[in-house]
Amino acid sequence: MKAALDVYYTGNKAWASCVVFESWTDGVPLKTIRVSLPGVRPYRPGRFFERELPPLLAVLEEAGGQFSRILIDGYVHLNNDRPGLGAHLHRALPKPATVIGVAKNPLAVADRFKPILRGRSTKPLFVSASDDDLDEAAAAVAGMHGPYRIPTLIRLADRIARNG
């Protein structure tokens, strides 16, 4: 099983979503989950994971599944061997899984990622991975369902986090 996660914030509340799917080419999820967390930490530069990690872990716990791959909106690694959100999530998981970062925007302090193009877009997605072969992770995201830059199920995770 695989999961695409996203988090949306309103005030001091976070809404986290989990879209569960089996195959990289699936266009319809097996199930979706949305949880809310009050009292989230404020954003602190260089400490994004402190804000984002609790909602991600909460929605994964609610999903209750064993996932082989978990996709997040962000980067796994930062420069100078610093962990990004994906590395922090990978370390915090109760069961082993590969975390794949799919970032929409470049980040100057990120490294060990591969830009990919999807659909007709000339704007890349930036794919990184915790312990998977980076080329394999990038190819998997490139081959996900949907004709647009953002794969269907990643787009759905964003929509569910924002709107339920």
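This is a predicted model: local features need pLDDT of at least 70, side-chain atom pairs count only at pLDDT 80 or more; totals for chains, interfaces and linings use all residues.

Trainee: Which residues touch the most other members of the largest nonpolar core?
Mentor: Leu-5, Cys-18, Phe-67, Ile-70, Ile-72 and Leu-89, out of 28 residues. A nonpolar core is a set of buried Ala, Val, Leu, Ile, Met, Phe, Trp, Tyr and Cys residues joined through side-chain atoms within 4.5 Å. Buried means under 20% relative accessible area, exposed over 50%, partly exposed in between (1.4 Å probe, protein chains only).

Trainee: And which element gives the most to this core?
Mentor: H1, with 6 residues. Helices (H or I, at least four residues) and strands (E, at least two) are DSSP runs, numbered from the N terminus.

Trainee: New topic. How many salt bridges does the structure hold?
Mentor: There are 6. Each needs a side-chain nitrogen of Lys or Arg within 4 Å of a carboxyl oxygen of Asp or Glu.

Trainee: What does Lys-104 pair with?
Mentor: Asp-73, with the closest N and O atoms 2.9 Å apart. Lys-104 lies in the loop between S7 and S8 and Asp-73 in the loop between S4 and S5, so the pair ties together parts 31 residues apart in sequence.

Trainee: Is Asp-73 buried or partly exposed?
Mentor: Partly exposed, because its relative accessibility is 30%.

Key
Residues are numbered from 1 along each chain as its sequence is written. Side-chain values use heavy atoms; hydrogens and water are left out.
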